[in-house]
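Here is a short tour of one chain, from its overall surface down to a few side chains. Please keep the viewer open as you read.

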Amino acid sequence: QVQLVESGGGLVQAGGSLRLSCAASGSVFSINAMRWYRQAPGAQRELVAAITSGGSTNYADSVKGRFTISRDNAKNTVYLQMNSLKPEDTAVYYCNAEIRLNDLKTYSYWGQGTQVTVSS
């Protein structure tokens, strides 16, 4: 089995920074795309940022220039550096990864979510 474990959420004032981490463990053969989503109360889950196995990235327009996604393939970990945080960034943040298992089949996995709260 595979688990995605997130960490790094919390409460921060507007203009502050947080760094989220998401580590995959278990029967991981390789990891393709890794993504961060967020879901605010009463809203749909939205894609925040994505990174391919080769390091190509893309971002939601609302976070471009403020958030940076990165990954450490040796540690099976993806990061989200969030700077210049705004109250509208408040949400539960989820990581998602396309993981190829030792049986060489690829599945999509989700983390449990971590709360990010930005106060004004």
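## Surface and overall build

The chain exposes about 6,200 Å², and carbon and sulfur atoms supply 47% of that area. Accessible areas come from the Shrake-Rupley method with a 1.4 Å probe, and for residues only the protein chains shown count as cover. A word on the source: this is a predicted model, in which local features need pLDDT of at least 70, side-chain atom pairs count only at pLDDT 80 or more, and totals for chains, interfaces and linings use all residues. Residues are numbered from 1 along each chain as its sequence is written, and side-chain values use heavy atoms, with hydrogens and water left out.

You will find 11 strands and zero helices in the chain (DSSP runs numbered from the N terminus: E for strands, at least two residues; H or I for helices, at least four). The radius of gyration is 14 Å, close to the 14 Å that the globule rule gives for 120 residues, so the chain is as compact as a globular protein of that length. That radius is taken over C-alpha atoms, and the rule is 2.2 Å times the number of residues to the power 0.38. Of the 120 residues, 41% count as buried (under 20% relative accessible area, with a 1.4 Å probe and protein chains only).

Strand 1 covers residues 2-7. Val2, Leu4 and Glu6 form its covered face, while Gln3, Val5 and Ser7 form the uncovered one. In a regular strand the side chains alternate between the two faces of the sheet.

Strand 1 pairs with strand 3 (residues 18-26) in the antiparallel sense over six bridges; pairing requires that DSSP finds at least two bridges between two strands. Val5 stands opposite Ala23 in strand 3.

Which residues does Thr114 contact, leaving aside its neighbours within four places in sequence? They are Glu6, Gly9, Leu20, Ala91, Val92 and Tyr93, where contact means heavy atoms within 4.5 Å. Thr114 lies in strand 11 (residues 114-119) and is buried, with a relative accessible area of 10%. A polar atom of its side chain lies 3.3 Å from the backbone nitrogen of Gly9.

Arg35, in strand 4 (residues 28-39), counts as buried at 18% relative accessibility. A polar contact of 2.5 Å joins its side chain to that of Glu98 (a pair of N or O atoms within 3.5 Å; within protein, one must be able to donate a hydrogen and the other to accept it, and residues adjacent in sequence count only if both atoms are side-chain atoms). Not counting residues up to four places away in sequence, Arg35 also touches others, including Leu47, Tyr94 and Cys95.

Definitions and conventions: Buried means under 20% relative accessible area, exposed over 50%, partly exposed in between (1.4 Å probe, protein chains only).
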